[in-house]
Amino acid sequence: MKLGREEVLRIATLARLGLAEAEVDRFKEQLSHILESFEILQQVDTTGVPPTTQAITLKNVLRSDEVATSLPQDQVLANAPQKDGDFFKVRAVLGDT
Amino acid sequence: MSAIIDPSRLTINEAHELLKTRQISSVELTMACLKRIQQIEPKVSALVTVTDELALSQAEKADELIASGDLSPLIGIPVLIKDNMCTKGVRTTCSSKMLENFVPPYDATVVEKLNGAGAVTIGKTNMDEFAMGSSTENSALFPTHNPWDLERVPGGSSGGSAVGVAASEAIYALGSDTGGSIRQPAGFCSVTGMKPTYGRVSRYGLVAFASSLDQIGPLTQDVTDCALVLNTIAGYDPRDSTSVPYPVPDYTRCLATELNGVRIGIPKEYFVEGMQAEVSAAIRAAVSKLEELGARANWEVSLPHTPYALAAYYVIAPSEASANLARYDGVKYGFSYPETGNMWEALEKTRQYGFGPEVKRRIMLGTYALSAGYYDAWYLKAQKVRTLIRQEFDQAFEKFDVLITPTSPTVPFRIGDKVGDPLQMYLSDLCTLPINIAGLPAISIPAGFAEGLPIGMQIIGKPFSEETILKIAYAFEQATDWHKQKPNI
C-alpha cells in the first residue's frame, strides 16, 4: 500500500491536522512502510467471523435519567484558551474572519 | 526512625507495619521520598510534576488518622500517578504540549479512591505523549532514563511510573496500559506491573487513548503490594460504563507458595525470531522454577493468529485514538493556536503545533483506516482478526490456568536506537499487545538479568482471573530474589 502525497494531504484534511512540508514527505514514506507490513492482515480468512468492538460482554449499559450535580461554570471555563463572560469564545464559523 | 536506613526503599507492606507500630510517621516517609527525588531526579527525569506541598499536607492528615486508629493498608504511603490521570488542581499534561497547562477540575476515580484510602500523592510521572510509545522518548517534555543504565530507555508509555518505583522515588505508582504500557516498562525496570482485565478498574478521568484497550493498573516493588493496590482501585464505577459490576475480592488472600495442580501453557509463537537468547533462557529457567513449585508446564501450546496481532493492534488503536483525539480543538481547554481569526486554520494549526510526531502518525494512520473506501479493508478486517485472537485465547484457557511469555523480546534498548523507525518501536510491544486485544489480565514480574539489564516474565490469565495470576506470581517471587535487586544509583 503506497500512499501518494495527495492521499497524505487528504487524510490530514479529514483529521484537521496541519502538516509542515517535511512532515508530508515523512508521513508518505513512514505510513506506506507501516501499511505495507500490515497487509499480512489480508492473509487471514475471516469469512463468517464477526468483528469484536470490545473484549468484555457488557451490553446496553443504561443509567437512570436523574439530575445530578455538575461542575460549577467557573471551573469548567477555567482552562478555556479564550472566554467571554460565561461562554467559550470561538472563531467565526461563517465568513472569512 | 533511626533503625530504618532508607525509608524510600520500603514496600507498601513494610511501610504499613512501621506506620502502624509508629516506628515511622507518614511525614517522615514522605520527606524521605522527597529527598530521594531531589537526589535522583536529575539523573532519571521520571517526574513531570512534584507535588511536595500537597504530599506533606496529605501526610500530616494521614498521621492524624493513623493516631486516631485508621489503619487502611495504603494510608500515609507515597504514590506516583501517571500524568494522564486527572488530579484536581494539579496539572495533568499527558507529556504533551497540547495539555502542558491543563489543570483538571476533578479527580480520576482511581485518584479519588487513593485519596479516600489516605494515600500521599507525591508527583505525576512522565510518559510517552498521550501514552503512545514504548520508550518514554515520545514525551514532548523530556526523555526518562532507565536507572539500571542511564543510557537506556525505561520502556513506555508508563516509563516515569516504572522508574519512580525502581529508583525509590515513591513506594508505588499507577500506570495505564493500552498495548503493554504498564508491563513493558515494569519488565525494563525490574518492577511488578499489572494490567487488570478490561473493565476491572474504572477509567473515569483517564485521558482516553484507545477506549476498547485502555486499562489502569499498579506498578509496585512486589506482588503483595500489587494485590494491595488492586484491592483499592478495582471495582464498579457508574461513571465508566465499561467498568463491570463484579465484586472485588481481597487479592492478598490468594497469595500462596505452592502451585500443585496449576496448569501453565507457553505459547510458542511468542518466542519470535529476533528474540534475545538471554530473554528466552530466563523464561525457560523461570518456568522450571514454577514446575519445582508444583506447576505443570506445556511448551507445545500454539496460538496461530499471534503473528497478526501487531498489525491488528496498530490498526485498531490508532483508529480509536484518531476519534478520541478529535476533541483537541483549542476551544475548551489545552493549547490553542493564537495567531488567526479563521476557524479551520486555528483548528489545523492548534493540532499541528500541539501534537508531537508519534501522535500525529497515529492520528493519520487511524483516520486512514476509518476513511471511506478503506474502512472494510483495514478497520473492519482488524476487528475480525481481533475476534480470532480472542477465541484462540479462550480455547487455550480451557486447558491452562495461565499462559507465560517474556514481557518483551529484548532487554531495554539504547535511547535513540529506535526513534527513527516507528515499526521497529512497535515491535517491542509484540508480547504484550495481544493481551489488550483480548481484554485479558496480565502481570510482568522480575525474572532475571542479562548483563545487568532486567528481564520481565509475563503471566496471562483468563478474564477476571487476577487472583490466579497473583498467586503464581507470588509463589515465583517467594522462591527467587530478582525483585529484591535494586539499581545501584
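Helices (H or I, at least four residues) and strands (E, at least two) are DSSP runs, numbered from the N terminus. On that basis, Ser157(B) lies in the loop between β3 (120-125) and α5 (159-166) of chain B.

This is a predicted model, in which local features need pLDDT of at least 70, side-chain atom pairs count only at pLDDT 80 or more, and totals for chains, interfaces and linings use all residues. Residues are numbered from 1 along each chain as its sequence is written, while chains are lettered from A and ligands numbered from 1 in the order in which they are written. The model scores ipTM 0.95 and pTM 0.97. The average pLDDT of chain B (the predictor's confidence in each residue, from 0 to 100) is 96, and 99% of its residues score at least 70.

**The two chains**

Chain A contains three helices and two strands, in the order α-α-α-β-β from the N terminus. The radius of gyration is taken over C-alpha atoms, and the globule rule is 2.2 Å times the number of residues to the power 0.38. Chain A has a radius of gyration of 23 Å, well over the 13 Å that the rule gives for 97 residues, so chain A is more spread out than a compact globule. Chain B contains 15 helices and eleven strands. For its 489 residues a compact globule would have a radius of gyration near 23 Å, and the 21 Å of chain B agrees with this.

A residue is buried if 20 or more other C-beta atoms lie within 10 Å of its own, exposed if 12 or fewer, and partly exposed in between, with C-beta atoms placed from the backbone.

| Chain | C-alpha box along principal axes | Buried residues |
|---|---|---|
| A | roughly 55 × 45 × 25 Å | 16% of 97 residues |

Two residues are in contact if their C-beta atoms, placed from the backbone, lie within 7 Å. Among the contacts in chain B with a separation of 6 or more, 76% join residues 24 or more positions apart.

**The contact between the chains**

Chain B gives 53 residues to the contact and chain A gives 44 residues. On the side of chain B that touches chain A, the elements giving two or more residues are α9 (309-324), α10, α11 (357-370), α12 (376-399) and α13 (422-427). The most comes from α12(B), with ten residues. By class, this side of chain B has 28 nonpolar, 15 polar and ten charged residues. Here Ala, Val, Leu, Ile, Met, Phe, Trp, Tyr, Cys and Pro count as nonpolar, Asp, Glu, Lys and Arg as charged, and the others, Gly among them, as polar.

Helix α10 of chain B (residues 343-354) has twelve residues and reaches 16 Å from its first C-alpha to its last, close to the 16 Å expected at 1.5 Å a residue. That expected span is 1.5 Å times one less than the number of residues. The buried residues of α10(B) are Ala346(B), Leu347(B), Glu348(B), Lys349(B), Thr350(B), Arg351(B) and Gly354(B).

Helix α12 of chain B also holds Ala396(B). This alanine counts as partly exposed because it has 18 C-beta neighbours inside 10 Å. Leaving aside neighbours within four places in sequence, Ala396(B) is in contact with Gly265(B), Val301(B), Leu303(B) and Leu403(B). Its C-alpha atom is 9.2 Å from that of Pro267(B), 129 residues away along the chain.

**The nonpolar core**

A nonpolar core is a set of buried Ala, Val, Leu, Ile, Met, Phe, Trp, Tyr and Cys residues joined through C-beta atoms within 7 Å. The largest has 159 residues, and those with the most contacts inside it include Ile77(B), Val79(B), Ala312(B), Val315(B) and Ile459(B). Helix α9(B) gives the most to this core, with ten residues. Apart from neighbours within four places in sequence, Val315(B) is in contact with Phe38(A), Ala369(B), Trp378(B), Tyr379(B) and Ala382(B).

**Backbone exceptions**

Most residues other than glycine have a negative phi, and most peptide bonds are trans. The peptide bond from Gly156(B) to Ser157(B) is cis, with omega near 10°. Thr136(B), in the loop between β3 and α5 of chain B, has a positive phi of about 65° although it is not a glycine. With 34 C-beta neighbours inside 10 Å, Thr136(B) counts as buried. Asn60(A) has a positive phi near 45° and lies in the loop between α2 (21-38) and α3 (73-77) of chain A. Asn60(A) counts as exposed, with 5 C-beta neighbours inside 10 Å.
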